[in-house]
Structures are given as C-alpha cells and as structure tokens.
Amino acid sequence: MATFLYKLGRLAFRRRHFVALIWVALLTLAGVGAASAPSAGSTSFSIPGTEAQKAFDLLEQRFPGASADGGTGRIVFKAPEGEKMTDAANKATVAKTVEELRDGSEVVSVTDPYTTNAVSKDGTVAYTSVKYEAPGMELADSTREALEKAGDEARAAGLTVDIGGDALQAAAEPGAAGEIVGIALAAVVLVITLGSLVAAGLPLLTAIIGVGIGVSTITALANALDLGDTTSTLALMIGLAVGIDYALFIVSRYRGELAEGRDREEAAGRATGTAGSAVVFAGLTVVIALAGLSVVGVPMLTKMGLAAAGTVVVAVLIALTMVPALLGYAGRKVRPAGEKRKADKAKTAPEGQTKPALGVRWASFVIRRPAAVLLLGVLGLGAIAVPATQLELGLPDDGSQPTSTTQRRAYDLLSEGFGPGFNGPLMVVYDAAGSADPKDDAAALTDRIKGLDDVVTVTPAQFNKAGDTATITVIPDSKPSSVQTEDLVHAIRAEGADVKADTGANVLVTGTTAMNIDFSQKLTDALVPYLALVVGLAFLLLIVVFRSILVPLKAALGFLLSVLAALGAVVAVFQWGWLSGLIGVEETGPIMSMMPIFMVGVVFGLAMDYEVFLVTRMREAYVHGESPSQAIVTGFRHSSRVVVAAAIIMMAVFGGFISSSESMIKMIGFGLAIAVFFDAFVVRMAIVPAVLALLGKKAWWLPKWLDRALPNVDVEGEGLRALDDGKGDKKDEDRELVQV
C-alpha cells in the first residue's frame with residue numbers, strides 16, 4: 001500500500017492542476033445539486049420493533065386521518081394575580097385563541113379547556129392542546145409562527161402565556177458560532193504546530209472542501225433517500241475534525257521528509273506513502289464505527305452514521321490527493337520541519353548541546369517509570385469513571401430546557417397547575433379485535449389502570465368508528481423522565497398481558513414518554529452487540545496494520561477506559577450538576593439515551609486515529625532495526641507533537657458545540673471533547689508507551705502461522721526503502737499508475 005500511495009502522492013503533486021480541478025468540480029456539482037434539490041424536512045422518528053411504535057402504527061390503521069404521530073402544541077394560560085381562568089374576560093381571551101388556532105394550516109384539532117376539564121382545581125391555570133398533521137420537526141415555519149402569534153395575542157390581553165409541545169421543536173442545529181469558534185481555535189493550533197500560515201491553511205482548506213462536498217451531497221440526496229435535517233449534523237462535526245487531522249498528519253510528514261533533504265515532489269510522495277497509509281487505516285476504523293450504528297436498528301441513527309461515514313471517506317480521499325496537490329502549489333512556503341527552531345537553537349545553545357523535544361523527554365520518562373505511569377493513568381481514569389455506574393438514561397423533554405425558554409416555562413406552569421405528570425401523558429391503545437365484549441373489557445382495563453401506583457387520572461376509552469380499537473389517556477403523578485413513570489409504563493404493560501390472557505385483546509402503551517422509554521431500552525440492548533461488532537472488526541484491522549496481537553488488544557482496552565471516564569464526566573456534569581455552571585447547564589437530569597452508544601461509535605474511531613498515527617511510527621522504527629525502547633522514543637519524536645495538535649483541534653471543534661443552547665448538542669460536544677482529551681493525553685500519551693515499555697519485544701509478537709496468513713499492507717513504508725537502495729525510473733512508475 002505504501003508504494004501505491006507513494007506513486008499517487010507524487011502524481012498528485014505533479015498533476016496538481018488536474019487534481020485540484022477534479023475536487024473543485026465535485027464541490028461545485030454537489031453545491032449545485034444541494035441548491036436545486038427539493039427540500040426535505042426531518043423524517044418522522046420511528047423505532048421499529050418497539051411496543052410504542054407498534055401502537056403508533058396501529059393507530060394509523062384504525063384511526064385514519066388522526067395523525068397519530070403528528071406534532072402537538074400546548075398553550076398554557078395563567079390568570080393574573082387575584083383572578084381566575086374561569087372569569088368572563090379570561091374565558092373570552094382563551095375562546096378567541098382557540099378559534100384562531102382552529103383556522104390555522106396543518107391543524108387537525110384544538111381542544112377547548114372549558115369543555116375538556118383542562119382548568120386547574122384552583123382555577124388559575126388552563127391549557128389548550130393543538131394537534132397537527134405532520135410531526136413536530138416537519139411543521140412549516142408559518143405553522144409555528146401562527147402558534148406563537150396566538151400566544152402573543154393572549155399575552156397582550158393580560159394573561160401569562162407560554163407554549164410547549166414538540167410543535168416548536170425545530171431541527172437541532174449547533175449554530176454557526178460554535179463552528180466558527182472551533183475552526184478559529186484549530187487555525188491557531190495549526191499555525192503553532194506547522195509554523196506558517198500557508199502550511200496551517202492547507203488542512204483547514206481541504207477539510208472545509210471535504211465537509212462541503214459531504215454535507216452538500218447529503219442535502220442533494222435528502223429528498224430521494226428520505227434523509228432528515230439532523231442527518232448532516234454528525235457528518236459536519238466528524239468530517240470537519242478528521243478532515244483537519246488527516247491533512248495535518250500528511251503535511252507534517254511532508255515537512256519531516258523535506259528536513260531529511262528530499263526534494264518536494266519526492267517528499268510529497270513519501271508523506272503520502274507513509275502518513276497516508278496511516279490515514280487510510282485510521283479512516284477505516286472511523287468508517288467501521290460510524291457505519292456500525294446500523295446494527296442498532298433505529299433508522300435515524302443508521303442514516304446519521306452512514307452519512308458521517310461517507311464524509312470521512314471523502315476526507316481520506318482528499319488527504320491522499322488534494323493535500324499533495326496543494327503542497328505543489330505552496331512550493332517553498334511550506335518549510336522543512338524544525339527549520340526555524342534549529343536556527344534559533346543554533347544561535348542560543350552552546351555547540352553540540354541541543355535540548356531534546358518535550359515529546360522525547362516525556363517518552364524517556366515513561367520508559368524509566370512505566371509501572372508508575374500505567375498505574376496512575378489507570379487509577380485516575382478509573383476514578384473519573386465511577387459516576388458512570390449511576391448513569392440514568394432518558395431523552396430530553398421541555399423540562400430539560402433552559403428556564404429562559406417558553407417551553408420550559410409552559411412545562412413548569414403545567415406542573416404547578418396539574419402536577420408534573422401532565423407534561424407526559426401516556427396513551428394506552430386497546431386493540432379489541434380478539435375481544436368478545438370490547439366496551440366492557442375496555443372499561444375493566446380502565447379500572448385496573450386506576451388502581452396502579454402513580455396514576456392521577458385515567459380517561460374513559462374512546463373507540464374508533466369500527467369499534468375495534470380504543471385509546472385511553474393516563475396521567476401519571478410523576479414527571480415524564482422519572483423512574484416512577486417508567487415503572488408505571490411497565491406496570492400497565494403487565495396488566496395488558498393479563499388482559500390479553502383473559503380476553504384475547506391486545507393492550508399497547510405509547511405516547512412520547514413511552515416512546516422515549518422504549519428508545520432508551522433499545523439502545524441499551526444494542527450497546528453490547530454494537531461494541532462487540534465495532535471493536536471486533538477494528539481489532540482484526542489493527543492486527544493487519546501492526547502485525548501484533550497485544551498492541552490491538554491494548555488499544556481496545558485503552559479505548560474502553562477513556563469512554564467510561566468520559567461517561568463518568570458527563571454524568572457528573574449533566575446528571576449530578578458538578579461544575580455545570582461553567583458550561584451553562586441550567587437543568588440536570590437523565591443522560592440522553594443515545595449518548596453511550598454514540599460516544600462508543602465516534603470516540604472509538606477517533607481513538608484509533610491516534611493509536612494508528614502514534615504507534616505506526618513506533619512500529620516503523622522497530623521494523624527498521626531500533627530496540628523497543630528506542631522505537632517508543634522515535635515514535636514520540638516524530639508523532640507526539642502532531643498527535644497532540646490533532647487532539648487539541650478535535651477538542652476545539654467539539655468544544656465549539658458546547659455553546660449551543662440545545663442541551664442535546666451541548667452534551668454531545670462536551671462528551672466528545674472530554675473523551676478526546678482522556679484518550680489522547682492519558683491513554684495514548686501515557687498508558688500506551690508505558691504498556692509497550694513493559695512488554696518490550698513481546699508487544700510485537702505474532703504467531704508465525706498468522707503472520708503468513710495476514711496480507712502485508714506495509715503501513716511502515718518498508719517497500720519505499722527499496723527506492724533508496726536502487727531508484728528506478730520515476731517517470732515509468734508514474735506512467736504505470738496513470739495506466740492503472
């Protein structure tokens with residue numbers, strides 16, 4: 001592989017105009033496609049195989065036109081001090097609001113609080129519910145504006161008015177500010193690492209082009225492939241981070257090759273052949289981790305994972321072709337590594353005395369004290385991981401919104417007037433197809449539910465026209481995200497099993513709260529199979545790369561340690577509230593259900609990036625005759641500075657999303673940033689060299705039979721040494737590549 005990529009890099013360097021033209025054409029084509037493609041809203045959220053989803057599907061069949069998965073909005077009214085919502089003037093204001101809402105587009109129904117008992121016992125709070133045709137995230141902007149306008153008019157009449165429900169839930173966007181901050185910090189790190197604006201600009205430019213192609217392609221195909229607005233969020237986040245890092249590794253190796261006295265075309269080929277090989281395998285691990293999200297069985301996660309994986313593939317291809325081409329354009333503006341530092345040291349240091357780089361000094365320290373460093377690193381991350389044992393999963397609702405939002409204020413008003421359970425009603429679907437006496441059996445089911453713990457209200461069964469299906473609304477006593485509400489859902493389902501045994505009728509529990517509970521359970525059940533698949537495939541891939549058993553095993557165990565520590569930090573901040581004020585967490589609560597599996601997928605891919613880039617340089621030195629200890633120092637001499645810069649860039653990109661007002665985006669940004677910190681600086685920079693130092697030559701042991709069976713991918717660039725011994729005709733080699 002190294003030889004092929006070497007030829008590719010030299011060809012791209014020499015034919016730079018052609019290569020640049022191809023990528024600019026692809027970017028233009030993707031941009032035009034995105035601009036001309038029909039818009040596609042967010043796809044409806046579905047979780048195939050769960051009871052809540054089965055109930056929604058049944059409602060669509062048995063209650064045609066009812067829009068079972070349609071969005072909902074709630075306008076909550078509170079009377080002024082000393083007044084009640086039953087006063088004539090306040091009733092008139094509410095009646096006017098209800099009429100205005102009924103005239104709106106996409107509206108299926110609007111309830112009158114005075115006929116549906118939606119006025120609190122003390123008469124101070126009332127609410128009206130609006131049902132829409134389309135899911136909340138697919139509603140037109142004009143529909144949301146009409147809902148907000150109705151609330152504004154009631155507010156102008158003297159009432160306290162706030163709006164909740166998923167009708168105001170637009171697609172979660174990280175916001176341009178977070179991306180700009182991340183890119184700006186990345187630019188600063190690149191300038192410091194590479195020593196010039198031109199060299200620093202190359203990774204940024206290529207990453208932006210790669211993300212532009214990826215996100216534009218997703219937008220262009222959104223309507224045809226039923227992709228939602230949220231599909232591109234992960235692609236943007238991951239594509240930007242890995243795009244910068246992959247280009248950084250090749251540019252850095254290019255400068256190193258220049259420092260060894262090679263001409264620029266040869267240096268570009270060598271950099272692509274060596275660092276480019278590591279980029280290919282690092283990219284493969286990220287693609288495996290992201291594409292593996294398909295095994296979870298949630299369409300939204302599958303689409304997000306595949307879209308992000310496609311963007312990573314684009315980032316790899318750009319790093320292998322466009323980066324060497326741009327290095328050709330840059331010419332002498334990209335200088336050899338250490339040129340300025342060597343000149344400065346020559347002026348200040350006594351002759352023959354040069355201070356080793358920080359990475360070399362650190363590696364030497366770890367080699368002298370491997371057991372102490374390993375113990376300290378493992379115990380430190382283990383202590384930080386302790387809060388993960390108290391992990392509580394759920395999905396964010398209006399109760400987790402900042403107190404400054406109208407959704408949160410509406411949530412609090414409903415809790416004040418009716419109890420917290422009114423924010424998460426449960427819908428029980430009674431399928432009476434197998435019942436001999438549907439109405440009596442439904443009434444008996446209602447009585448059984450009333451006798452359960454944590455139940456405040458149970459409405460009578462509402463049958464469809466055919467009389468074979470009914471819906472029963474249950475109001476819990478606890479808030480939607482509480483353990484008590486989850487226990488109630490399981491209790492109702494247990495009662496349903498008894499009803500089925502007695503009458504033959506099916507009882508299903510659904511609604512937003514039940515859907516969230518089922519979603520959390522599905523993700524929890526899928527975590528172990530997903531982890532086994534992703535880690536297993538990557539383990540096999542790393543065996544091929546490193547030709548070792550223990551090195552990939554150590555890489556996988558280190559990753560698990562960093563992910564557990566990151567989850568512990570997320571629990572401490574977002575669930576327990578430790579230091580939450582520093583990053584603007586206004587409300588603590590359960591951790592987003594997707595977080596564990598999401599972090600496993602994303603962080604695993606990124607962790608293997610650092611493993612491949614750092615350890616392949618050690619492997620390269622070891623293969624070329626250095627002792628295990630010398631190889632560790634050599635790996636740090638050449639790679640530690642760049643790996644540290646890459647990790648800081650990753651943290652900057654992810655950390656930029658912490659500024660988002662969306663709790664989900666904030667949690668993802670924090671979780672990924674802290675995970676990268678733990679993995680890069682503790683696991684890869686401390687635990688990895690300590691373990692390799694303790695293992696010595698055993699680290700690179702591989703059974704002879706397995707060594708013969710594995711393909712030789714030559715990540716270390718061993719094949720390039722033949723070019724030093726007897727250089728052939730480079731032009732003939734390039735012609736062969738063109739013909740291929």
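Residues are numbered from 1 along each chain as its sequence is written, and side-chain values use heavy atoms, with hydrogens and water left out. Because the model is predicted, local features need pLDDT of at least 70 and side-chain atom pairs count only at pLDDT 80 or more, whereas totals for chains, interfaces and linings use all residues.

Helices (H or I, at least four residues) and strands (E, at least two) are DSSP runs, numbered from the N terminus. Strand E1 spans residues 72-78. Of its 7 residues, 5 are buried (under 20% relative accessible area; exposed is over 50%, partly exposed in between; 1.4 Å probe, protein chains only). E1 is therefore largely enclosed by the rest of the structure. Two strands pair if DSSP finds at least two bridges between them. E1 pairs with strand E3 (residues 125-132) in the antiparallel sense, over 7 bridges. Gly73 stands opposite Val130 in E3. E1 also pairs with strand E4 (residues 160-164), again in the antiparallel sense, over 5 bridges. Within E4, Thr160 is the bridge partner of Lys78, and Gly164 is that of Arg74. E4 is mostly covered, with 4 of its 5 residues buried.

Helix H7 covers residues 197-225. Its 29 residues reach 40 Å from first C-alpha to last, close to the expected 42 Å. The expected span is 1.5 Å times one less than the number of residues. H7 has a kink of about 30°, centred on Thr219. The bend at a residue is the angle between axes fitted to the seven residues ending there and the seven starting there. Asp226 follows H7 and has a positive phi, near 60°.

Helix H19 covers residues 595-623. It has 29 residues and reaches 40 Å from its first C-alpha to its last, close to the 42 Å expected. H19 bends by about 25° at Val603. Of its 29 residues, 27 are buried, so H19 is largely enclosed by the rest of the structure. Just after H19, Gly625 takes a positive phi of about 110°.

In soluble globular proteins, nonpolar side chains tend to be buried together. The largest nonpolar core here has 169 residues. Such a core is a set of buried Ala, Val, Leu, Ile, Met, Phe, Trp, Tyr and Cys residues joined through side-chain atoms within 4.5 Å. Tyr246 and Phe654 touch the most other members. Contact means heavy atoms within 4.5 Å. Leaving aside neighbours within four places in sequence, Phe654 is in contact with Met237, Ile238, Ala241, Leu606, Gly669, Leu672, Ala673 and Val676.

Ser640 is found in helix H20 (residues 628-655). Ser640 is buried, with a relative accessible area of 7%. Not counting residues up to four places away in sequence, Ser640 touches Gly359, Leu614, Gly635 and Met685.

The whole structure holds 12 aromatic pairs. One of them joins Phe677 and Phe681, at 5.4 Å centre to centre with 35° between the planes, and is tilted. Rings of Phe, Tyr and Trp (its six-membered ring) pair if their centres lie within 6.5 Å; planes under 30 degrees apart count as stacked, over 60 as edge-to-face and the rest as tilted. Phe677 and Phe681 are 4 residues apart in helix H21 (residues 663-695), so about one helical turn separates them. Phe677 is partly exposed, with a relative accessible area of 35%. Phe681 is also partly exposed, at 27%. Elsewhere, Tyr127, Phe418 and Phe422 form one aromatic cluster.

Positive phi values also occur in loops. Asn117, in the loop between strand E2 (107-110) and E3, has a phi near 55°, positive in a residue other than glycine. Asn117 is exposed, with a relative accessible area of 70%. Asp454 lies in the loop between helix H15 (438-450) and strand E7 (455-458). Its phi is positive, about 70°, although Asp454 is not a glycine.

Val181 is found in helix H6 (residues 176-194). Val181 counts as partly exposed, at 44% relative accessibility. Val181 and Ile244 are 63 residues apart in sequence and 15 Å apart in space, C-alpha to C-alpha.
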